[in-house]
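This briefing concerns the packing of helices in a single structure. Please consult the sequence and the model shown below while reading.

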Amino acid sequence: MRLMLTPRQRVILRQIVSPPYIYRWAGLLTTIALMTGVTFVVLSDVGSRQVLATGPAPVVATGPAGKPVRSAADAPALGMPGMARPAITSSLLTVTDTSVDRPAVALTFDDGPTPQYTPQVLDLLAEYNVKATFCTIGNQSVAHPELMQRIIAEGHRLCDHTMTHDATVGQNPHDLMSRQLDTSRTTIANAVHPPATIDYFRAPEGAWTPALDQVAAQTGMRPLGWSVDTLDWTQPGSAAIVNSVKQGLHPGAIVLFHDGGGPRDQTVAAVRELLPWLQEQGYQFVFPS
């Protein structure tokens, strides 16, 4: 069938399919195609969300008053919120679980135990009924088993901080690194009777490497970082330590202090001021998880 056009129509058609008009038509058709595709994707996504929203909710075990309960495997410490053992993975833990009734904060103390400062820290924690995590050095743990025993007896937890505060451990070959962490973990655990559970590993000076993360997890410890660094090891003054916490604090914060490795009078003074302040702000003290 032959299309019958008038001379004028043929002229108009030749103009439409010739530059520059052909480029304008191509651009218009491309724009229409793109808009059609985007509309299809958006509508598909909305449909998926509707299916998810109207599907059955996951079954969660509940206790009295309908509150979720933790299983014995998840929280050996009587299923108390904030007391769960950490999942042992190679992922660096820098914030703690916030699925608790009030804002949570986890306090950690490095480089001890030391007979001069660790007892002062423990006294303050006991006074305010606060639990904390102590990242202890293997040699220090062996030298002061009575302090290690007290840490565990008063409900705190332990973290492996290597045998000698070796900041180069993450640079070693895999086999050597594995032996080093296994030795320090076993040494720290056996400083307590019966042997304690070592939940975490913290790299000295925060010198993490991907290999060190993996070896820590393979040794049965969760890599433990922090989100608030008080820089108390620089001895900036107790007021500066207090301000660093107040300025950096957030729900789920893991705070780094030191109870060893040098003079820590400023740290003790700061902790004495911070514990009641944190409680006044409504924070509860938890273990990293």
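In α3, the residues Thr118, Pro119, Val121, Leu122, Leu124 and Leu125 are buried, that is, under 20% relative accessible area with a 1.4 Å probe and protein chains only, where exposed means over 50% and partly exposed lies in between. The model is predicted, so local features need pLDDT of at least 70 and side-chain atom pairs count only at pLDDT 80 or more, while totals for chains, interfaces and linings use all residues. Residues are numbered from 1 along each chain as its sequence is written, and side-chain values use heavy atoms, with hydrogens and water left out.

- Helices (H or I, at least four residues) and strands (E, at least two) are DSSP runs, numbered from the N terminus.

**Helix α5**
- Within α5 (residues 145-153), the buried residues are Leu147, Met148 and Ile151.
- These residues lie on the same side of α5, because they cover an arc of only 105° around the axis, taken from the directions from the helix axis to the C-beta atoms.
- An α-helix has 3.6 residues a turn, so residues three or four places apart point the same way.
- Among the elements covering the buried residues of α5 are α3 (118-127), β2 (133-136), α4 (138-143), β3 (157-160) and α6 (174-190).

**Packing of α6 with α7**
- The axes of α6 and α7 (residues 210-218) come within 10 Å and cross at roughly 45°; axes are lines fitted to C-alpha atoms, for helices over the stretch in contact, and angles run from 0 to 180 degrees between N-to-C directions.
- α6 and α7 are therefore oblique to each other, since angles under 35 degrees count as roughly parallel, over 145 as roughly antiparallel, 65 to 115 as roughly perpendicular and the rest as oblique.
- His174, Met177, Ser178 and Leu181 of α6 make the contact with Ala211, Leu212, Val215, Ala216 and Gln218 of α7.

**Packing of α8 with α9**
- α8 (residues 238-248) and α9 (residues 265-280) pack at an angle of about 40°, their axes being 8 Å apart.
- α8 and α9 are therefore oblique to each other.
- On α8, Ser238, Ile241, Val242, Val245 and Lys246 meet Gln266, Thr267, Ala269, Ala270, Glu273, Leu274 and Trp277 of α9.

Conventions. Contact = heavy atoms within 4.5 Å.
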